[in-house]
Amino acid sequence: MPDSVVRSPRMQADPPSTSVPGAEPDLAEKVAFLRRPQSYPMPVQRVETIETHMSWLFLTECDVYKLKKPYRHERIDYASAAARRLNCLREVRLNRRLAPDCYLGTSRLTVDARGRMSLGGSGHAVDWLVHMRRMPDSQSLERRLQAGQVGAEQIGRVVAALMTLFRSAPSARWSPRHYRRHLCASLAYTAAELRRPEFGQDVDAVEAIRAHLHRFIETHAALLAERVRDNHIVEGHGDLRPEHVYLTQPPSIVDCLEFDRELRLRDPVDELAFLAMECDRLGHPEVDAWLFAAYAERSGDAPPRALVEFHKAFNAFARAKISVWHLDDPSTGPACQWITRAADYLTRARTYAARLPAPGDIATIGAAHMPVTP
């Protein structure tokens, strides 16, 4: 489930399309059309809608259709129908790596000569949607954690699925210097966004976290260079959160970051640290040890604990930035919700960063992995 949603049931009073010949329907008209059960090619009794920061999702009994908003921000450009089509195609292709049975394809939203909208019709295409099979909500890692139904065995299966991707994914063509510059640039940008006055964050805390993580990058350049030289930076998932992992047989992992390849170029330790950090946030720090034990067993790569803590801090810092970005879009929920969430992520980032070795304490960097409590 996306982390910024506004749910609403299908309303019987939804109006028919008001499109007229020669006019392109706007987003509100598209949403109204897709809320209607009779708009779908299969029998549908009810449509549930979910609005996120960048998309609308329409959930029927068995399927999900995802309509991207005409959204543009930094690295994301969904402004034109052509750009949305390209990103829909890319989203399906990339997500079939880890959820081949979930991503069914793309669907055209068309308008005929009389101005009537149709899903998959023969008229003029005005937009494109990702078509997915609806996954059982009860099987998401988030729900299973909340129900106390997750153990090392289930996490091991998730890691095994991820290893098929990590082993086959192309490596980043980066030098060690490029990788460090990439990390430092991302860090500086996150800090600059979090310091914006309208976001109401503690600027001293933001700067302290940035400085601590930057110092780790500089002090442990040799460790990061080794990760690059050993081809550990690969095109992965990019957004490995518990709500994107389904404990089906085999596990399915959905919603990778499709819009920017650079954001998918990550160390597997980075990906798993992100998932561990989000599980910490849900009150399940035990998942951390299960993830990295399974990873070490299947990969032969036993990362130093300091590297895990660095990536947990780095990802919590980035998630704080994404949380405050929601303040620019009132439709994603009350401002206080996102300010509070950003502050929580900053607290976590500060906690993880405090576990990093002090400058000159090189011995700590090689310590074996041990479970920790945030």
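These legends go with several close-up views of one predicted model.

Residue numbers start from 1 along each chain as its sequence is written, and side-chain values use heavy atoms, with hydrogens and water left out. Because the model is predicted, local features need pLDDT of at least 70 and side-chain atom pairs count only at pLDDT 80 or more, while totals for chains, interfaces and linings use all residues.

**View 1. The whole fold, before zooming in.**
The protein has 12 helices and 13 strands; helices (H or I, at least four residues) and strands (E, at least two) are DSSP runs, numbered from the N terminus. Of its 374 residues, 55% count as buried. Buried here is under 20% relative accessible area, exposed is over 50%, and partly exposed is in between (1.4 Å probe, protein chains only). Take the contacts between residues at least 6 apart in sequence: 69% of them join residues at least 24 apart. A contact is heavy atoms within 4.5 Å.

**View 2. Rings that pair up.**
A pair of aromatic rings is described by the distance of the centres and the angle of the planes. The working rule is that rings of Phe, Tyr and Trp (its six-membered ring) pair if their centres lie within 6.5 Å, with planes under 30 degrees apart called stacked, over 60 edge-to-face and the rest tilted. The structure holds 6 such pairs. In one of them, Trp174 and Tyr179 have ring centres 6.1 Å apart and planes at 25°, so this pair is stacked. Trp174 is buried at 12% relative accessibility, and Tyr179 is buried too, at 2%. Phe216 and Phe310 also stack, at 4.7 Å centre to centre with 15° between the planes. Phe216 comes from helix H6 (residues 203–219) and Phe310 from helix H11 (residues 305–325), so their pairing ties together parts that are 94 residues apart in sequence. Both Phe216 and Phe310 are buried.

**View 3. An arginine over a tryptophan.**
Arg85 lies over the face of Trp128, at 4.9 Å from the ring centre. A charge sits over a ring if NZ of Lys or CZ of Arg is within 6 Å of the ring centre and within 35 degrees of the ring normal.

A nonpolar core is a set of buried Ala, Val, Leu, Ile, Met, Phe, Trp, Tyr and Cys residues joined through side-chain atoms within 4.5 Å. The largest one has 67 residues, and those with the most contacts inside it are Leu141, Leu162, Leu213, Leu291, Phe310 and Phe317. H11 gives the most to this core, with 11 residues. Leaving aside residues up to four places away in sequence, Leu162 touches Leu98, Leu240, Ile253 and Leu272. A second, separate core of 16 residues includes Phe33, Tyr40, Met117 and Leu119.

**View 4. Helix H12 and its buried face.**
At 1.5 Å a residue, the 20 residues of H12 (residues 335–354) should span 28 Å, and the end C-alpha atoms are 29 Å apart, which agrees. The expected span is 1.5 Å times one less than the number of residues. Its buried residues are Trp338, Ala342, Tyr345, Leu346, Arg348, Ala349, Tyr352 and Ala353. On the face turned away from the buried side, H12 carries the exposed residues Cys336, Thr340 and Ala354.

Most residues other than glycine have a negative phi, and most peptide bonds are trans. The peptide bond from Gln249 to Pro250, though, is cis, with omega near -5°. Pro250 lies in the loop between strand S11 (245–246) and strand S12 (252–253). Asn231 has a positive phi, near 60°, and belongs to the loop between helix H7 (221–229) and strand S10 (234–235). Phi of Asp255 is also positive, near 60°; you'll find Asp255 in the loop between S12 and helix H8 (261–264).
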